[in-house]
Amino acid sequence: MKFRKLTAALLAGAMASSLALSGCGDKIDQSAVGATIGDQEISIGYMNFVAHYTQLTYDSIFVSYYGEDYWTSDSYTDDDGATMEDTVKSYILEEIELAYLFEAHMEDYGVEITDEDMEAIETAAEEFMSENSDKAIKAMGATQEYVETYLYYETLTTRMDDAIYDDAEAQATEQLSIEDHSRRTFSYIAVDYSDYTDDDGETVSYTDEEIAAFQESAAAFAASAQAGEDFDTLADTYGYTVSTYFYGEDEDSEEDGGFSDAVIAAADAMTAGQISDVIEGTDCYYVIRLDSEDDADAAQTALETAISELASDLYSEVTEGYQEDSDFEVDETQWAKVKFSKLFTIDDGEDEDSSASVE
């Protein structure tokens, strides 16, 4: 799910009292059309408010980390030359577009905004407008109508997000079964002899003698009777760290990010409780103990992960399908007038006269 910009707090009236802003907003003709979708026109005034409210949430967090110029700094410009401002503005357009698309598909998922919801939204918007100064309202380009519209679409989007994902999760649960996600589990120690960087920043390779010593130590560990009796304690004695891994028939190859192919092949040939000989992987020696040939807990975890991944894919198919069919058009000239040139800062609110300001 995408970042919901503190909507719940605003609906509760908690944000309004902490946003006492001063300054002036960019000169924008609020009534001008900023975008269209279908036969609906979206004013640049509303888009400007959404943009600056979003900017406020970023400024309240990121200025202290990235500095006051982070919106346009080359340090935060991507490989395509897009500044942070460009990137976030693009995100805002996607959010606005998706909100209107969700509105067109509410009936598909039985989502509604009730009269009670609208009363709560109206009340929250009134509180927001009354508890902020005129300068604060001007800085954000806020109006009663814009705040109500924003809260309406944020509420709608949250409910549609949940409804679409719940439906996707139900589909994924129906399609997948635990039988398809059986898992074998093994514990292992790994003796890594890949190149490393020393304290001077130099790349160092182990000598053949050192690598042979690593192999000899791993072989002695594997051959010890104690390995089968108390794998973990013996590993401590040797200074090794024991890790656990589970896998199934859907295990990725090592090349695609899975575990060492040599280790998986060895584990496939073992029975529960068996200790392997030294297994040579890529710049690493392994010794494994097969813990389970059919780990029910691991299978359940794998199933839940698969359901979550498939549900996310199905959710994306729905939302991306909406966007592919969308006729959302932006007036780039009007949208270019929306800039994050004035930073929002928010005081902690402990003092009676505490406030936030626009720099």
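Asp 283 sits in the loop between β7 (279-281) and β8 (284-292). Helices (H or I, at least four residues) and strands (E, at least two) are DSSP runs, numbered from the N terminus. Asp 283 has a positive phi of about 55°, although it is not a glycine. Most residues other than glycine have a negative phi. With 38% relative accessibility, Asp 283 counts as partly exposed. Buried means under 20% relative accessible area, exposed over 50%, and partly exposed in between (1.4 Å probe, protein chains only).

The model is predicted: local features need pLDDT of at least 70, side-chain atom pairs count only at pLDDT 80 or more, and totals for chains, interfaces and linings use all residues. Residues are numbered from 1 along each chain as its sequence is written, and side-chain values use heavy atoms, with hydrogens and water left out.

**Overall make-up**

The protein has twelve helices and eleven strands. Of its 359 residues, 41% count as buried. It exposes about 19300 Å², and carbon and sulfur atoms supply 43% of that area. Accessible areas come from the Shrake-Rupley method with a 1.4 Å probe; for residues, only the protein chains shown count as cover. Contact means heavy atoms within 4.5 Å. Among contacts between residues at least 6 apart in sequence, 72% join residues at least 24 apart.

**The sheet**

Three strands form an open sheet in the order β2-β1-β9, with antiparallel pairing. β2 and β9 stand at the edges, each with a single partner strand, so one side of each is left without a neighbour in the sheet. Two strands pair if DSSP finds at least two bridges between them.

| Strand pair | Bridges | Direction |
|---|---|---|
| β1 (residues 33-37) and β2 (residues 40-43) | four | antiparallel |
| β1 and β9 (residues 329-330) | two | antiparallel |

Ile 37 has Gln 40 in β2 as its bridge partner. Val 33 stands opposite Ser 43 in β2. In β9, Glu 329 is the bridge partner of Thr 36. β1 and β2 form a hairpin with two residues between them. Gly 38, in the turn, has a positive phi of about 60°.

**The cores**

A nonpolar core is a set of buried Ala, Val, Leu, Ile, Met, Phe, Trp, Tyr and Cys residues joined through side-chain atoms within 4.5 Å. The largest has 64 residues. Those with the most contacts inside it are Ile 42, Met 47, Phe 49, Ile 92, Phe 102, Met 140 and Trp 335. β1, α2, α3 (84-104), α4 (115-131), α5 (134-140), α6 (144-175) and α11 (296-324) each supply at least two residues of this core. α6 gives the most, with 13 residues. Another core lies apart from it, with 15 residues, among them Val 191, Ala 218, Phe 221 and Val 287.

Ile 92 is in contact with Val 50, Ala 51, Thr 54, Trp 335 and Phe 340, leaving aside its neighbours within four places in sequence.

**A surface patch**

Ile 61, Tyr 65, Tyr 66 and Tyr 76 make a nonpolar surface patch of about 420 Å². Patches are made of residues with over 30% relative accessible area and no salt bridge; like charges are joined within 9 Å, nonpolar side chains (Val, Leu, Ile, Met, Phe, Trp, Tyr) within 5 Å. A salt bridge is a side-chain nitrogen of Lys or Arg within 4 Å of a carboxyl oxygen of Asp or Glu. Ile 61 is found in helix α2 (residues 44-66). Its relative accessible area is 42%, so Ile 61 is partly exposed.
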